[in-house]
Structure formats: structure tokens, C-alpha cells
Amino acid sequence: MTTPPVAIEVASIPRTSRGLWRDAFRRLMRNGPAIVGMVCIAIFVFGALLAPLIARYDPTIGSLADGRQGPSLAHLMGTDLQGRDEFARVLYGARISLTVGVVAVFFGLVGGTLVGAIAGGAGGLVDGVLMRVVDVLLAVPGILLAIGIVAWLGHGEIQIMLAVGISYSPIFARLLRGSLLALRESDYVIAARSMGASPTRILMRHMLPNALTPLIVQATLAAATAIIDVAGLGFLGLGPGDPRVAEWGEMLTDSSKFLQSAPYLILFPGAAIVISAIGFNLLGDGLREALDPRLKR
Amino acid sequence: MNLLSVHDLIVRFRTHDGTVHAVNGVSFDLNEGETLGLVGESGCGKSVTNLAVMRLLPSPAGRIEGGQVVFEGQDLLSLDESEMRDLRGKEIAMIFQDPMTSLNPVLTIEEQMVETIRAHRRVSKAEARAKTIELLSTVGIPQPESRLRNFPHQFSGGMRQRVMIAMALALEPKLLIADEPTTALDVTIQAQVLELLSRLAADRGTAVILITHDLGVVAGMTKRTNVMYAGFVVESATTADLFARPHHPYTVGLLHSMPRLDAQPGEPLIPIEGTPPDLRFAPVGCPFAPRCAWRVDRCWRENPVLEPMQPTQEIVTTGLQATHRIACWNQPTAEEAAAARPLRPGFTPAAPPTEDLS
């Protein structure tokens with residue numbers, strides 16, 4: 001005869017102290033697609049960091065005599081019109097795409113968080129005015145806004161980061177403000193107020209940390225779009241502006257004329273854009289699931 | 001001098017559907033160390049009254065439109081927000097209904113309690129931490145040193161409410177407002193938490209306003225009770241007097257709709273028929289009239305005010321000698337209160353007036 005299982009109230013047993021973030025990390029590591037995403041991102045990050053070690057050729061120097069060779073052992077991804085090694089250019093392109101994409105999202109996150117926190121924290125007239133500005137920015141398609149800003153500020157990496165960042169900030173502002181408004185009436189915020197906590201303290205310590213998770217998810221997903229947008233700007237001729245610099249979008253433009261004779265010139269940078277974007281998307285979805293308290297087991 | 005004196009408090013909410021008349025001229029006094037129960041069904045204004053005292057009404061919808069709230073001789077309604085902030089937690093603290101949601105999920109217990117103490121006292125982190133450990137052990141949290149670094153989700157509901165009580169009493173406030181402190185807890189835990197609350201409050205001489213819809217809790221925890229209905233206080237008496245001699249038809253109804261241990265087997269519970277009034281309309285007449293078995297014509301036209309049982313009686317508002325006061329035009333007799341229905345021969349509740357009074 002077996003003894004019946006004893007019912008234990010699990011919640012009352014002090015588990016080994018582990019934070020919310022550690023719980024989320026554990027869930028993330030159990031999520032297959034998220035790991036695939038992280039691997040994709042890791043490949044590009046390492047490729048970008050170690051580009052000088054991996055690539056056997058300088059991405060900016062080629063000889064016209066070697067132009068448009070197909071993939072071979074000497075040139076894994078072939079050579080472009082100017083005879084530059086395509087593999088080296090894709091690797092160095094990862095540097096630009098990843099840094100510009102990630103920094104752009106960071107700019108957008110900082111700007112959006114600032115606006116959203118002021119609007120959601122202050123409320124009233126300030127909130128109304130800021131949100132109408134955000135509405136106007138949201139009404140303009142993001143890439144169009146970015147094109148306008150680059151056209152206004154001129155070529156250059158910083159300009160692209162700013163342009164993409166500004167075009168993304170309204171989304172973050174809106175998202176954060178929404179969470180803050182919901183949190184403002186939450187029990188623990190009212191409880192904190194009833195204990196005499198100051199408004200800044202409530203905003204910084206009680207509301208922002210609780211409003212952070214949707215921002216993190218959105219930022220990861222935005223990194224995917226940012227890489228595509230940066231490539232898009234490059235494709236439209238609004239890239240870094242230096243034709244020697246390897247940038248995925250510009251590489252696509254340069255080789256689009258040879259789509260039939262040298263399709264690999266489109267294939268590799270195109271694949272790089274798609275894979276890195278998918279990587280960030282998968283990671284973002286995984287993060288959403290890992291950080292969502294309703295899915296907590 | 002009274003510790004707290006609420007006079008003719010009026011609170012309105014402006015919503016898309018119109019103005020909600022949440023609190024309509026509530027007055028009560030509270031002595032130091034006194035326990036007062038506020039009883040009534042959901043939406044009768046008992047929580048709103050206390051949020052108004054704390055000036056924590058949801059803005060901009062909720063507004064105090066009249067009255068006075070005097071705490072230790074100071075009119076709270078005339079203080080600015082930063083003066084009010086100094087008072088909250090230090091002089092008046094609050095315990096909320098749901099301990100599962102009133103602690104911040106991303107901060108440890110230590111962070112939340114130390115923060116509360118340091119918001120009002122100039123003490124070092126270590127001192128605040130020592131105080132926190134002391135408080136947690138006072139409220140019966142085992143191994144407080146190691147539990148400090150836990151997050152709220154690692155505590156059970158009863159334990160969280162103990163933490164809330166510890167936090168509320170951390171600065172030894174003079175007044176503690178407990179808003180349905182045990183409603184969200186298991187019945188077995190309720191008694192423990194209530195016992196803890198009343199013992200700690202008594203030890204420290206803290207005055208308590210206990211908001212509840214549970215008459216059993218009021219009977220065990222308070223010395224004086226105000227019964228609220230539709231934003232009005234309809235009956236006010238010492239708790240012993242109120243339970244022995246309920247006079248307002250609503251109080252009578254409340255007492256009879258509750259199961260009792262001394263009831264005969266098979267004896268039916270008597271519910272209060274109907275639903276509470278829509279607070280978007282200012283009441284004409286007594287707000288309880290539509291549900292009242294004792295209503296007379298006058299009840300439809302005039303809203304009775306809270307008055308002593310004997311008109312000539314001198315009014316004592318606090319303490320154990322508090323005057324039994326009631327707002328009713330046609331009071332049930334003692335026999336009727338016991339039977340929970342009018343016993344007068346030929347009496348039928350007055351029909352609503354046909355002409356439009358609003």
C-alpha cells in the first residue's frame with residue numbers, strides 16, 4: 001500500500017531566494033525558438049567582432065580584374081563588381097548593421113522612455129501635449145520619417161542612428177505611458193502613496209520597474225526592424241555615405257543591377273539581413289513569453 | 001479634543017456616465033486609541049470616505065466637494081500635497097484589502113519596508129533594517145532575517161497581510177485605517193490576522209477605523225460602529241448597543257441576512273430585497289426607502305438626518321457612552337427588529353409617489 005501524497009501549500013515554502021529576472025532567464029533558456037534567435041544573433045556578433053581575424057581580405061580593397069567572381073574556396077561568397085571579397089564585406093557589414101541598429105533602438109528607447117515617463121507620470125496637460133506630438137510622429141510612416149531626418153541631417157552613421165531612433169521613440173513613449181497609467185491605479189502604488197512615498201520615488205522605484213518588461217520585449221523586436229530600416233536607408237542611398245564602407249543595404253543596391261549575372265551578390269547580404277532580423281524577432285518573442293507573469297508556473 | 005473629526009464630508013466622482021454621489025455628508029469623530037467600524041455593502045462609500053481622509057482619491061475623477069477632515073486640530077483638506085505626504089504612513093497608515101496586490105512584486109520585502117521607514121525617519125539603512133526585522137518578528141513572520149530578501153510572491157496571502165500590518169505600524173501612526181483587511185484571506189487565517197491587528201493596535205494605543213461588510217468582524221474588533229448606506233451614515237452606536245438594539249431597517253436587514261450560530265435549524269435567512277440605489281442620481285427622500293419594509297410616505301420625499309433616539313438627548317460622538325443615533329422616519333420597534341418585518345396590524349409599505357420628485 002502506498003501512502004497518499006501529502007498536500008503541501010507550495011507558496012508558503014521559502015524557496016531558495018531567486019529573483020524575478022533569474023526566473024525569467026530560466027524560462028528563456030527553456031524556449032527553443034528563443035535559443036535559435038540568440039544563436040543567430042551570436043553568430044553575427046562574433047562575426048562582427050572577429051571580422052579582422054576571420055576575413056582573409058580587406059573589405060575595402062579589391063582589384064577590378066577579380067570583379068564578379070562566383071563563390072569559390074578563395075572567395076567564399078564571391079567578389080563584387082570592384083573585386084572586393086563579398087564574405088569580408090558581409091562580415092564588416094554586420095558591424096555597421098548591428099551597431100547602428102542597436103544604438104538606434106537605444107536612442108529610441110531613451111527618448112521614448114523619457115517622454116513616456118514624463119507623460120505618464122505627470123498626467124494632465126503635459127500628458128495631453130506630449131501624446132499629441134507622439135500621435136503626429138506615429139501618423140508619419142517610420143521609414144519616411146527616418147528618410148526625412150537623414151535628408152535633413154545629412155549622411156553618416158550617427159545621423160542614421162538618430163533618424164531611426166527618433167522614428168521609433170513614439171512607440172516606446174506610447175507603450176510606457178500606457179503601462180504607467182495602468183500602474184498608477186494599481187494597489188501597490190496606492191499602498192506606497194498611503195505610506196507617504198514621494199511622486200518621483202513612486203515613479204522611479206514602483207512604476208518604472210514594473211513597466212519595463214513590455215519595453216524590453218518591444219526593444220528587442222524593434223532591433224529586428226531597425227536592422228531592416230538601416231539596410232533600407234542604405235538601399236535608398238541614404239547610408240553612411242562612404243562608398244568604401246561595407247553596408248548591407250548599399251551592397252544590395254550596388255549589386256541589384258547584376259541580379260541575373262551574379263545573383264549571389266544579392267543572396268548573401270540579403271540573407272544576412274533576414275537572418276539577423278529573424279534572430280532578434282525570435283529572441284523578442286521568447287522574452288515576451290519569459291517575462292509575462294501570467295505564464296509563470 | 002478628538003483625534004479625527006470628519007464633518008459633513010461630500011465626495012463626488014465625475015465619470016463619463018455622470019456624477020457619482022459617493023459620499024453625501026458623512027460626519028464622525030474618533031478618539032485616540034478608539035476602534036470604529038464602518039459597515040455597509042459594496043459601493044456604500046465606506047472605502048471612499050477613508051481614501052478621502054487620506055486624500056488618495058483617484059484623480060482627477062474623485063473630488064472632495066465639501067466638508068472638513070480635522071486630524072489633531074489640523075484641517076487635512078487645506079494641507080498641500082507635500083504636507084499631506086509627511087502625514088501619510090507616519091500619522092495615518094492604511095492596510096488594504098488584497099495583500100496579493102498591495103505589495104510591489106519587483107521589490108523585496110526589505111526594500112519596501114526600509115524605504116517606508118526612511119521616507120519619514122532620518123535613520124541609516126542598517127537601523128531601518130534592524131527595525132524591519134523587529135517588526136516582522138512582532139507580526140509573527142518566522143526567520144525574519146532570511147525572509148527579508150524574499151519577494152512578495154514567495155509569501156502566502158496571510159503572511160503578506162502580516163507584512164502589510166508590519167509596514168503600516170512601522171512608524172507608529174496614531175490612526176490606522178484597515179480597509180477590509182481580511183476579506184481576501186482564508187477563514188482560518190482571518191481570525192489570526194484580526195487578533196494580531198487588534199493586539200498591536202491596543203499595545204500601541206493606535207486608533208483604528210475598520211472598514212468591512214462582515215458584521216462578525218465588527219462585533220469582535222470594534223467598540224463603536226457606523227452603518228453606511230448609499231453614501232450616508234444611517235445608524236451610529238456603540239457596537240454592543242448596535243447589535244443588541246438595531247434600530248435602522250437597513251441594520252436590521254443586515255443582521256438578519258447573516259447566518260447565526262444560535263439560529264434554529266431550518267430558520268430562513270432574510271435577505272434585503274432589491275439593489276442599492278444608482279449613485280449617479282442625487283437621492284430624493286431616504287435612499288433606503290425603495291428596499292424598506294417600514295417606509296411611509298414621508299420616506300419618499302424627505303431624507304432623514306442622523307439624530308439621537310430621543311430628540312432631547314445630548315449627543316456624545318465618541319467613546320463607550322456614544323449616543324445611539326439613527327436616520328429614519330419610521331423606526332422598527334424592538335419586536336419588529338427581532339422579527340425583521342413590520343408587525344403593526346394593517347401596515348403596508350408606502351407606494352412610491354406618482355408625481356416626479358426630481
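Student: Which residue does Val39(B) stand opposite in β9(B)?

Tutor: Val39(B) faces Val227(B) there. This is a predicted model, where local features need pLDDT of at least 70, side-chain atom pairs count only at pLDDT 80 or more, and totals for chains, interfaces and linings use all residues. Residues are numbered from 1 along each chain as its sequence is written, while chains are lettered from A and ligands numbered from 1 in the order in which they are written.

Student: What counts as a strand?

Tutor: Strands (E, at least two residues) and helices (H or I, at least four) are DSSP runs, numbered from the N terminus. Chain B has 12 helices and 12 strands.

Student: How many bridges join β3(B) to β9(B)?

Tutor: Two strands pair if DSSP finds at least two bridges between them. Here 4 bridges join β3(B) to β9(B), residues 224-229, and the strands run parallel. β3(B) also pairs with β8(B), residues 207-212, in the parallel sense over 5 bridges. In β8(B), Ile211(B) is the bridge partner of Leu38(B).

Student: Where do the side chains of a regular strand go?

Tutor: They alternate between the two faces of the sheet. From β3(B), Thr35(B), Gly37(B) and Val39(B) point one way, and Leu36(B) and Leu38(B) point the other way.

How values were computed
Buried ≥ 20, exposed ≤ 12 C-beta atoms within 10 Å, placed from the backbone.
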